[in-house]
Amino acid sequence: VPPALQDANVSLREMFFRLRRIAYRQSITPERKAMLEVKLTASQLFKGKKHSYPQSVRIPFQANRLKPEHDHLMPTVEKALSSFGDGRPVFSFPCTKYDRHGYKPRVRILVLTRASLFLLDGLNGKLKQHIPFSAIQGISVSHLADGVIVFHLVTSSKKEKGDLIVDTDFLIEAVVKIANEAAKLDTVKVRPDGRIEHQIDDKKSGVIKFDSGNDFSITKGKDGSLEVKSARRRSLVL
């Protein structure tokens, strides 16, 4: 660029990139804008803290992570939701729920609405637990690449079921969407010490221990704890 045109060149470049930014912002649909905002929240919660986070960055979030084999369950699921007047799902995903007593695995579906979480049987769609947002006290995950989420719930009496423990391939997406919808983002904790304590009931507590290895596994330990072995590279934990 000739010296006499350098100032003009700088001004034109700034104008060009400013117009490009305006055009890009105007081209973003409300749906994509919402997804990018959720992605930003995921970065704020998990970047540099959760080992599985980098894998999730390039994959767009979706409203529904259920598979075609779940389609036959939807009438039963919708009936369960309508009985609470919660409206349509905001996010749905398959998971494995672990019993607080004995840690037996159960095939489940978690459905997020504008007001609640619904835990449903993954085989027949029947409602297993309804969790209003007011019952969620916190959400804990480990710093490793596993998919275990602990929802710390109100356990003030024997009627409450204690904390909810699930494992899913969609951890990052699930935690961000649930915490955001429930206004519980400030309660999300990434535990760096390899253990999460959970309430079995209003008096008893248990421990989940996390470690890394070559293979992924979730088993009951000899000491009665739940032992989660996190593969160093799990194929998909969003």
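The model is predicted.

Start with the largest pocket. About 310 Å³ of space lies in it. Its lining counts 13 residues. Ala34, Met35, Val38, Val90 and Lys177 lie nearest the centre. Two helices each supply at least two lining residues: helix 2, residues 30–46, and helix 5, residues 171–181. Helix 2 gives the largest share, with four residues. By class, the lining holds seven nonpolar, two polar and four charged residues.

Helix 5 deserves a look of its own. It is mostly covered, with nine of its 11 residues buried. The buried residues include Leu171, Ile172, Val175, Val176 and Ile178. Two charged residues, Glu173 and Lys177, are also on the buried list. Salt bridges with shared partners join these two and Arg65 into one network. Side chains of opposite charge can pair when their charged atoms come close. Lys177 also belongs to the group nearest the centre of the largest pocket. Just after helix 5, Ala183 takes a positive phi of about 55°.

Now turn to the second largest pocket. Its space is about 200 Å³. Helix 4, residues 74–82, contributes the largest share of the lining, four residues. The lining includes Met74, Glu78, Leu81 and Ser82. Also among the lining residues are Ala63, Asn64, Asp86, Arg88 and Pro89. By class, there are five nonpolar, four polar and three charged residues in this lining.

Next comes the surface. Leu12, Met15, Leu19 and Ile22 make a nonpolar patch of about 360 Å². Met15 sits in helix 1, which covers residues 6–27. An α-helix has 3.6 residues a turn, so residues three or four places apart point the same way. Met15 has a relative accessible area of 40%, so it counts as partly exposed.

The strands come next. Thr96 is in strand 1, residues 91–98. Its relative accessible area is 24%, which makes Thr96 partly exposed. Along the chain, Thr96 and Leu110 are 14 residues apart. Their C-alpha atoms are separated by 9.5 Å.

The structure holds 10 salt bridges. One of them joins Asp99 and Arg106, with the closest N and O atoms 2.8 Å apart. Asp99 is buried, because its relative accessible area is 12%, and buried means under 20%. Arg106, at 29%, is partly exposed.

Another salt bridge pairs Arg108 with Asp121, with a closest N and O separation of 3.6 Å. Arg108 lies in strand 2, residues 105–112, and Asp121 in strand 3, residues 116–121, so the pair ties together parts that are 13 residues apart in sequence. Both Arg108 and Asp121 are buried.

A further link comes from Lys229 and Asp211, whose side chains meet in a salt bridge at 3.6 Å, N to O. This pair joins distant parts of the chain, 18 residues apart. Lys229 is in strand 12, residues 226–231, and Asp211 is in strand 10, residues 205–213. Lys229 counts as partly exposed at 34% relative accessibility. Asp211 is partly exposed too, at 40%.

Notes. Residues are numbered from 1 along each chain as its sequence is written. This is a predicted model: local features need pLDDT of at least 70, side-chain atom pairs count only at pLDDT 80 or more; totals for chains, interfaces and linings use all residues. Side-chain values use heavy atoms; hydrogens and water are left out. On a 1 Å grid over the protein atoms alone, a cavity is a set of points where a 1.4 Å probe fits but cannot get out, and a pocket is an open set with protein on both sides within 12 Å along at least five of seven lines; lining residues have an atom within 4 Å of a point. Grid points are joined across faces, edges and corners, and a volume is the space filled by probe spheres set on the points. Patches are made of residues with over 30% relative accessible area and no salt bridge: like charges are joined within 9 Å, nonpolar side chains (Val, Leu, Ile, Met, Phe, Trp, Tyr) within 5 Å. Accessible areas come from the Shrake-Rupley method with a 1.4 Å probe; for residues, only the protein chains shown count as cover. A salt bridge is a side-chain nitrogen of Lys or Arg within 4 Å of a carboxyl oxygen of Asp or Glu. Buried means under 20% relative accessible area, exposed over 50%, partly exposed in between (1.4 Å probe, protein chains only).
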